[in-house]
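Please read it beside the sequence and the structure.

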Amino acid sequence: MKRVSSPASSVIDFLSIVERLKRTKRTGWVNSGIAGPESVADHMFRMGIMAMLIDDESLDRTRCIKMCIVHDLAEALVGDITPFDGITKEEKRKLERNGMRDIVDTLGTSAVAHEIESLWLEYEDSVTSEAKLVHDLDKCEMIQQAMEYEKSDGKRLDSFFNSTRGIFSHPQVRSWVEEIYRRREDTQTQTNS
């Protein structure tokens, strides 16, 4: 006999899927041999904090924070796919789109299910100012983490910096990126002295 799903049951099912992000390690760090790499959830959390720090009245900061915490939800089902995994951008988008449908379907046709899917699609389409900011935060958080792993693990992670050089558009994020580069250079100078 099939159990009828209650709203509470749907939420718990959804949260069980989301929990997988706490255990899914970021592929780029795993492939770089980082000991104890961050999870996808770790990455999304710090991005949300970064969005809180944005001082730009032209942006809907709350929307940005929400977008940060849903932008990688599909990875709970499809994993963290990188450009080096041999999967085309089109196939990755299809896998993630199907994953998001499955995840959001656990919440039924609720307003929050629609909001989560809408935020994810907005991020994927990267047309709005908020989505463009969140893309900047995604890459900025990555190089912040790379700088920290270079210090803690004594590794050179140039590919993460090279892949993002010159792509940042929001002025405040660009200032953060410049500071990350300055600190990285200072650390490298100290190491070589």
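Helix H6 (residues 89-105) and helix H7 (residues 111-125) pack at an angle of about 165°, and their axes lie 10 Å apart. The model is a predicted one, in which local features need pLDDT of at least 70 and side-chain atom pairs count only at pLDDT 80 or more, while totals for chains, interfaces and linings use all residues. Residues are numbered from 1 along each chain as its sequence is written, and side-chain values use heavy atoms, with hydrogens and water left out.

**Terms for the helices**

- Helices (H or I, at least four residues) and strands (E, at least two) are DSSP runs, numbered from the N terminus.
- Axes are lines fitted to C-alpha atoms, for helices over the stretch in contact, and angles between N-to-C directions run from 0 to 180 degrees.

**Helices H6 and H7**

- H6 and H7 are therefore roughly antiparallel to each other (angles over 145 degrees count as roughly antiparallel, under 35 as roughly parallel, 65 to 115 as roughly perpendicular and the rest as oblique).
- On the H6 side, the contact (heavy atoms within 4.5 Å) is made by Arg93, Glu96, Arg97, Met100, Arg101 and Val104.
- On the H7 side, the contact is made by Ala113, Ile116, Glu117, Trp120, Leu121, Glu124 and Asp125.
- By class, the contact of H6 with H7 has six nonpolar, no polar and seven charged residues (Ala, Val, Leu, Ile, Met, Phe, Trp, Tyr, Cys and Pro count as nonpolar, Asp, Glu, Lys and Arg as charged, and the others, Gly among them, as polar).

**Ile103 in helix H6**

- Ile103 is found in helix H6, and its relative accessibility of 0% makes it count as buried (buried means under 20% relative accessible area, exposed over 50% and partly exposed in between, with a 1.4 Å probe and protein chains only).
- Leaving aside neighbours within four places in sequence, Ile103 is in contact with Phe14, Ile17, Leu73, Ala74, Ala76 and Leu77.
- From C-alpha to C-alpha, Ile103 and Val134 are 21 Å apart in space, and they are 31 residues apart in sequence.

**Helices H4 and H7**

- The axes of helix H4 (residues 61-70) and H7 come within 9 Å and cross at roughly 90°.
- That angle makes H4 roughly perpendicular to H7.
- Arg63, Lys66, Met67 and Val70 in H4 meet Glu115, Ile116, Ser118, Leu119, Trp120, Glu122 and Tyr123 in H7.
- Sorted by class, the contact of H4 with H7 has six nonpolar, one polar and four charged residues.

**Met67 in helix H4**

- Met67 has its place in helix H4 and counts as buried at 0% relative accessibility.
- Not counting residues up to four places away in sequence, Met67 touches Leu119, Glu122, Tyr123, Glu130, Ala131 and Val134.
- Met67 and Gly48 are 19 residues apart in sequence, with 8.2 Å between them in space, C-alpha to C-alpha.

**Helices H3 and H4**

- Helix H3 (residues 40-53) and H4 pack at an angle of about 170°, with axes 8 Å apart; H3 and H4 are therefore roughly antiparallel to each other.
- Met44, Met47, Gly48, Ala51 and Met52 of H3 make the contact with Arg61, Cys64, Ile65, Cys68, Ile69 and Val70 of H4.
- The class counts for the contact of H3 with H4 are nine nonpolar, one polar and one charged.

**Cysteines**

- The structure holds zero disulfides (a disulfide is a pair of cysteine sulfur atoms within 2.5 Å).
- The closest cysteine sulfur to that of Cys64 is in Cys68, 6.8 Å away, which is too far for a bond.
- Cys64 counts as buried at 1% relative accessibility, and Cys68 is buried with a relative accessible area of 0%.

**Residues in loops**

- Ser126 is found in the loop between H7 and helix H8 (129-153) and is partly exposed, with a relative accessible area of 24%.
- Although it is not a glycine, Ser126 has a positive phi of about 50°.
- Most residues other than glycine have a negative phi.
- Asp85 is found in the loop between helix H5 (75-78) and H6 and is partly exposed, with a relative accessible area of 34%.
- Asp85 touches Thr27 and Asp80, not counting residues up to four places away in sequence.
- Asp85 and Val40 are 45 residues apart in sequence and 17 Å apart in space, C-alpha to C-alpha.
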